[in-house]
Amino acid sequence: MHLSRFNRLHFAHLPTPLEPMERLSAYLDGPKLWIKRDDCTGLSTGGNKTRKLEFLIADAWEREADCVITQGATQSNHARQTAAAAAKCGMECHIILEDRTNIEHSSYTDNGNVLLNLLHGANVSTRPGGTDMNSEMEVLADDLRTQGKKPYIIPGGGSNEIGALGYVDAALELLTQANSQNLLINHVVHATGSAGTQAGLVTGLVGSNSGIPVLGIGVRAMKEVQELNVLALAERTSEHIGIGNVVKHKHVEANCDYVGLGYGLPTDSMIEAVALLARLEGILLDPVYSGKGMAGLIDLIRRGYFSRDQNVVFIHTGGSAALFGYPDIFTDK
């Protein structure tokens, strides 16, 4: 897979570290745990969307766009990184945020990623939960065109076949690191939402014949829906790369038992996971994605899903800025 054939800018600090989590492994008395630090990609506190934006913003430039539009939830990590990428490239950025949680506290509505969007100079507007956000982006794009601008729409999460290239590349990067460390990876685990990260990882790992399974811990959709979304995007990504129909349904696995009451709503297991990583490894997770992803991994370890001699890599997708939108849930932990 020669990804240099595709337009790409370079925002991220790569390769991101692949580190052992020795204290957490000992605490759980489980498999050997590793963490791929995609919270260290560098763009506005880092996160997984930076890899996707390297390809997406490059495509926008190729199409001579002068502004970008995207959407997400109130504390969207993707929105924050898109705003930063646009600022770095001198492009106007328009963000539409959907209220998916009904949390009205000012810490949530004005702090964390919301504050960073504004600091990066983005134009931010909000919509109620349940809004057709894709239609809202199209309406905004039409309005900008009437003003003589050339907008480029980036889907939520940066999750299309262009953005997913970022995690095809991440899969190859992970394999290179594992090979150089003589590390046999038995499983990759991460939080899965808009499907782009998992679709890219699966495409890269299956397409390179690595034999490494990927388990996505869902943060929003039901298992059947999540797996179909990932599979569909992986198929489009494989076609975009030109490697044929290599990804099958058997390669796509999502566990959506850790969503709780809904997207972005705290769970006890997420709070425990965030506290454990902070206190045992000095690593900050986020309450929406990586916190629930780690909660799922911890519970699966306790249930004996992995054997003690296996190496399990957790992809840390970043998002710690969102912690400042949820200050009250950690104060007594």
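**A chat about rings, a helix and a buried asparagine**

Guide: Let's begin with Asn-255, which is found in strand β9. Helices (H or I, at least four residues) and strands (E, at least two) are DSSP runs, numbered from the N terminus. This is a predicted model, where local features need pLDDT of at least 70 and side-chain atom pairs count only at pLDDT 80 or more, while totals for chains, interfaces and linings use all residues. Residues are numbered from 1 along each chain as its sequence is written, and side-chain values use heavy atoms, with hydrogens and water left out.

Visitor: Is Asn-255 buried or exposed?

Guide: Asn-255 has a relative accessible area of 15%, so it is buried. Buried means under 20% relative accessible area, exposed means over 50%, and partly exposed is in between (1.4 Å probe, protein chains only).

Visitor: And what does the side chain of Asn-255 reach?

Guide: It reaches the backbone nitrogen of Asp-257 at 3.0 Å. That is a polar contact: a pair of N or O atoms within 3.5 Å, where within protein one must be able to donate a hydrogen and the other to accept it, and residues adjacent in sequence count only if both atoms are side-chain atoms.

Visitor: Which residues does Asn-255 touch, not counting those up to four places away in sequence?

Guide: Leu-215, Gly-216, Ile-217, Gly-218 and Leu-300. Contact means heavy atoms within 4.5 Å.

Visitor: New topic. How many aromatic pairs does the structure hold?

Guide: There are 3 aromatic pairs. Rings of Phe, Tyr and Trp (its six-membered ring) pair if their centres lie within 6.5 Å; planes under 30 degrees apart count as stacked, over 60 as edge-to-face and the rest as tilted. In one of the pairs, the ring centres of Tyr-108 and Tyr-326 are 5.4 Å apart with the planes at 85°, so this pair is edge-to-face.

Visitor: Where in the chain are Tyr-108 and Tyr-326?

Guide: Tyr-108 is in helix α4 (residues 106–110) and Tyr-326 is in the segment after β10 (311–316), so the pair links distant parts of the chain, 218 residues apart. Tyr-108 counts as buried at 2% relative accessibility, and Tyr-326 counts as buried at 4%.

Visitor: What about Tyr-263 and Tyr-289?

Guide: They form an edge-to-face aromatic pair, 5.8 Å centre to centre with 75° between the planes. Tyr-263 is buried at 9% relative accessible area, and Tyr-289 is buried at 18%.

Visitor: Which charged end sits over the ring of Tyr-263?

Guide: That of Arg-100, 5.1 Å from the ring centre. A charge sits over a ring if NZ of Lys or CZ of Arg is within 6 Å of the ring centre and within 35 degrees of the ring normal. Arg-51 also lies over a ring face, that of Tyr-167, at 5.6 Å from the ring centre.

Visitor: Switching to helix α6, which of its residues are buried?

Guide: Met-133, Met-137, Leu-140, Ala-141 and Leu-144. Seen down the axis, the buried residues of α6 fall within an arc of 105° (taken from the directions from the helix axis to the C-beta atoms), so they line one face of the helix.

Visitor: What do those buried residues pack against?

Guide: They pack against β3 (67–73), β4 (92–98), β5 (123–127) and β6 (151–153). The face of α6 turned away from the buried side carries the exposed residues Val-139 and Thr-146.

Visitor: And what is at the start of α6?

Guide: There, a side-chain oxygen of Asp-132 reaches to within 3.3 Å of the backbone nitrogen of Asn-134. Just after α6, Gly-148 takes a positive phi of about 85°.
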